[in-house]
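Colleague: I would like to learn how to read a model of this kind. Could we go through it feature by feature?

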Amino acid sequence: MFKSKKFQLDNLSLQDLDHEAELIPLLSTEDEEEMNRESVPEELPILPLRNMVLFPGVVIPITAGRDRSIKLLQDANKNNRVIGIVAQKDESVEEPTASDLHATGVVARILKVLKMPDGNTTVIIQGKKRFKMGEMLTEQPYLMAQAFEIPEDRPDPNDSEFNAIIDSIKDLSLEIIKESPNIPTEASFAIKNIESSPFLVNFVSSNINLKVSEKQALLEIDNLKDRALETLRYMNIEHQKLELKNNIQSKVHSDINKQQREYFLHQQMKTIQEELGGGASSHEELEEMRQRAKSKKWDDKVKVHFEKELAKMRRMNPQVAEYSIQRNYLDLFLDLPWNEFSKDNFDLKRAMKILDRDHYGLDEVKKRIIEYLAVLKLRNDMKSPILCLYGPPGVGKTSLGKSIAEALGREYVRISLGGLRDEAEIRGHRKTYIGAMPGRIIQSIKKAKTSNPVFVLDEIDKLSASHNGDPSSAMLEVLDPEQNNSFYDNFLEMGFDLSKVMFVATCNSLNTIQPALRDRMEIINVTGYTIEEKVEIGKQHLLPKQLKEHGLDKSHLKIAKPQLEKIVEGYTRESGVRTLDKQVAKMVRYAAKSIAMEEDYDLKVSNETIIEVLGSPKLLRDKYENNDVAGVVTGLAWTRVGGDILFIESILSKGKGNLTITGNLGKVMKESATIAMEYIKANADQLGVDPEVFSKYNVHIHVPEGATPKDGPSAGITMLTSLVSLFTQRKVKKSIAMTGEITLRGKVLPVGGIKEKILAAKRARIKEILLCEQNKRDIDEIKSEYLKGLTFHYVNDMSEVLELAITKQKVKHAKSL
């Protein structure tokens, strides 16, 4: 009675969340009067329950997994309608019809709807009134039936017999709660605070451990007094079973005499060892371990194992080598936080403030983390997927894990998996080996001193296999919510529960992660920062941090945003901010040296000071060039350190129609050039190109910066525009750039890296950008302030690209072909 149960409905599941007090509101007299005044609609949508019966006034959560049930709940919640809850006669029926359902049910109202990450919908409902199901009206998209209210025959308030029955139910409930070890004592407060007699009967009937058919029989009793009597009868049976169980357990405790006998024998062994010498200290160690074990919260299985190993150690000679191994083993048992958990802080607004304080930007990542924490708050378990923060170095993946730990109020532990080649580093060594120790997982849990820390698995993509095993395969058990509730460590030789640990993995590449391991994690893409974001990070985080580390404050050095932008553009080339941090540190050291040597220096850093301290700019970004030359078009590229622009150059020379491609291009990019050339040949008449030109001239396509490898299909439309401009000797529109893949039919396909490419175009003073229409969704995700001054043209066909990109005007010194 009143214990946690799992139910199923239709293809639904229902879990009694009795640990969430807010989900079990008690029905007051006013609430009951208001509920009695409500009428039952003539027609009701019917939601079948598999092995659960809802009673009036009782609140339960249900989780819908089937489309028909989800549709019913969504419609009812949207229109604020009540629904009819009816139990199935046979829980094995997957698609119940009217004949499969009991005729008597309860009208219910939806209190709250929760969307779960696994796609299911959880709703919290409260029973209102009993009703009788009439003719079934429709079965699609869900069941609809006629409903008739069933009046309840309630006794007179002054009926002494009925009042005595209610008092008996209340007293017996409190007695059962007191005697049962599985029922929390808080349940007694709920019983004591129930004012309504009908609700007390319904509440107890709903929670008592009965079959569905027996509960349905209780629900169908119209006379409240008769229903209370029947409920009391079932409670008496339950109480008798509980008393019998407790009596059996008390008899088992008579084995205390055997324990006393063993105690006296051990005392005699202690005296003998002391006479032999060296035994006193070992006995003190054993006694200390025994006392520490009393305070541990381990279950019976672990307790029995520990006592067995402690007894083995007691029989050992302290001088033998195995004694120290056994002592280390038992010390680990006592140091591990068995069933010890820190209390979570689920204040999501506070969590958001912490994430914003520690990390600038990364809005999408923060949103995903807050959503994840919200699910944990609602479900209070760790069945959600493991988080994996994927992105380039230096963008704050590891520090995000630390912020999550602070936001939740949990302990933070981290292990670096980079270069790990031995499976024993994860699972530990068997304690029979010399120097054996537990794996890093168990060691970190011991260090955290709680069983639910935030556990960062850094550089999980750097795991590698060797002749000592495959560590990534060992990680499969660690990161599987269905298995890690009993993680087996070779040294511990016992299963340890990791299911409450919040694992946060980080990686730079998904390609090197084992597919089965990647499938167990929820990937969150942490993209690189824009120049504007790096400037803000430098001003808000890096400069204050470096000033503090160098013993200065903000009054000793000021770096304005234009100067920070100059440092970012001229001295760093990365997705993260590590190099920027080093450059800012150099500027701070310049100020620290000047102060220490009592020299004059610029308090406000100027461009000249930057060159003096950091030297001449190491990196010069490409800027847009003019459109005076035929065949030169600006393209957009994505690199590991952000977006950039590139130029596609093409030239004609007398020859036999050969095509040459240079610029350290990959296979895919060369194929794009070939496709562009063949498209022009096939559509020469439409493009205004003389077909004889193809056999009289050689074409050379070049992409500058030949030392840099380039590949990918996104330069397709750029190459085609370059070649059409070359063959027609017409100018390309001024200040325009483009990116997109092409097909032989002339279709334009979408490409990736749009955000980085757009920001690169803006830095290069591009005014107009050509994109595939399907990339419009990527533009919509970019903040509006980053798009100011840019005009976007969305295209589907190469004819649209050429119409927008190539003008009617001939270039200077146009060739006559």
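Colleague: Are Cys-388 and Cys-507 buried or exposed?

Modeller: Buried means under 20% relative accessible area, exposed over 50%, and partly exposed in between, with a 1.4 Å probe and protein chains only. Cys-388 is buried at 0%, and Cys-507 is buried at 0% too.

Colleague: What should I know about the origin of these values?

Modeller: This is a predicted model, in which local features need pLDDT of at least 70 and side-chain atom pairs count only at pLDDT 80 or more, while totals for chains, interfaces and linings use all residues. Residues are numbered from 1 along each chain as its sequence is written, and side-chain values use heavy atoms, leaving out hydrogens and water.

Colleague: What pLDDT does the protein chain average?

Modeller: pLDDT is the predictor's confidence in each residue, from 0 to 100. The chain averages 83, and 91% of the residues score at least 70. Over residues 2-24, pLDDT stays under 50. Where pLDDT is low, the predicted coordinates should not be read in detail.

Colleague: How many residues does the largest nonpolar core have?

Modeller: A nonpolar core is a set of buried Ala, Val, Leu, Ile, Met, Phe, Trp, Tyr and Cys residues joined through side-chain atoms within 4.5 Å. The largest one has 53 residues, and Ile-125 is among those with the most contacts inside it. Helix α3 (residues 160-179) gives the most to this core, seven residues; helices (H or I, at least four residues) and strands (E, at least two) are DSSP runs, numbered from the N terminus. A second, separate core has 50 residues, including Leu-334 and Phe-503.

Colleague: Which strand pairs with β4?

Modeller: Two strands pair if DSSP finds at least two bridges between them. β4 pairs with β7 (residues 121-138) in the antiparallel sense, over six bridges, and Ile-62 stands opposite Val-123 in β7. In β4 (residues 59-64), six of six residues are buried. Val-59, Pro-61 and Thr-63 cover one side, with Ile-60, Ile-62 and Ala-64 on the other.

Colleague: Why is helix α27 described as largely enclosed?

Modeller: Eight of the ten residues of α27 (residues 754-763) are buried, so the rest of the structure largely encloses this helix. Glu-756, Lys-757 and Arg-763 are among the buried ones. Just after α27, Arg-765 takes a positive phi of about 65 degrees.

Key: Contact = heavy atoms within 4.5 Å.
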